[in-house]
Amino acid sequence: MLWEKKLRGIALVLGASAPLALPMVPGRAQTAMSSGDIIEKLAVEAESDIDLAALKQQAADRIKARADAQPQKRPPIVPQLTKLPQIRFDVVFDQDSSLIRPASYQTIGSIADALTDPKLRPYRYLIVDHVESAGRRDHNLILSQRRAESVRDVLVNTFKVSPKRLQALGLGEEQLQDVNRPASPANARVQLIAIGKFEVAEPAKPAAPAAAAPKGGAAKKKKR
């Protein structure tokens, strides 16, 4: 099948109901998925009232206040995200940069193919990037936001996915997957999360034509 050929060799990890923090994660082990698996996992009715601006502010405020300095003791900022339909995948960026390496375009292209399938087209998605714990927390938060936006930009500009269906959120190291190994590469990941229906505005209906004047009416009016 065409989809299987396109996705051959692409490694993705399902995470629809994955726990937020796993005690042990085997490195960055990945499981190959078929396109059918991706579509089936994401084509699920889900609605979320996520306030993106509020979440960004919450993460920034927590870092600014130097709260939860130990990664193992940080509560999740967005625990509800773990309950939504989602997949997890890896994108390789340049070191300390939001520049996506060419090798990852195949992965992103395969996701774009799935997003344009009729079963997924009615939905909106949130792209969430995470980084491992290394260096300054505030820097990591900014870096992950830029990386999430880079993935969104490639989906929009290169693969022509509607920008109205995609939002980007970077959580830095504030929501680790492997809390027992904060610096583990397993914590650097990208999630694609279904957050609800994409409402398409209906085209405006043309104005009804004006009622035609009765024949001879205008002429009679002139005679008076």
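Visitor: Which side chain meets Asp-153 in a salt bridge?

Guide: Side chains of opposite charge can pair when their charged atoms come close. In this predicted model, the partner of Asp-153 is Arg-152, with 3.7 Å from N to O.

Visitor: How many salt bridges does the whole structure have?

Guide: A search finds nine. One joins the side chains of Asp-138 and Arg-136 at 2.6 Å, N to O. Here Asp-138 counts as partly exposed because its relative accessibility is 29%, while Arg-136, at 58%, counts as exposed.

Visitor: Where in the chain do Glu-173 and Arg-74 lie?

Guide: Their side chains form a salt bridge of 2.9 Å, N to O. This pair links distant parts of the chain, 99 residues apart: Glu-173 sits in the loop between strands S5 and S6, and Arg-74 in the loop between helix H3 and strand S3. Both residues are buried.

Visitor: Which residues are linked in a network of salt bridges?

Guide: That network has Arg-62, Asp-68, Arg-137 and Glu-174.

Visitor: And what is Ser-144 in contact with, beyond its neighbours in sequence?

Guide: Ser-144, in helix H5, touches Asp-129, Val-131, Gly-170, Leu-171 and Gly-172, leaving aside neighbours within four places. Ser-144 counts as buried because its relative accessibility is 0%.

Key. Residues numbered from 1 in each chain as written. Predicted model: local features only at pLDDT ≥ 70, side-chain atom pairs only at ≥ 80, totals over all residues. Heavy atoms only, no water. Helix = DSSP H or I, 4+ residues; strand = E, 2+ residues; numbered from the N terminus. Buried < 20%, exposed > 50% of the residue type's maximum accessible area, 1.4 Å probe, protein only. Contact = heavy atoms within 4.5 Å. Salt bridge = Lys/Arg side-chain N within 4 Å of Asp/Glu carboxyl O.
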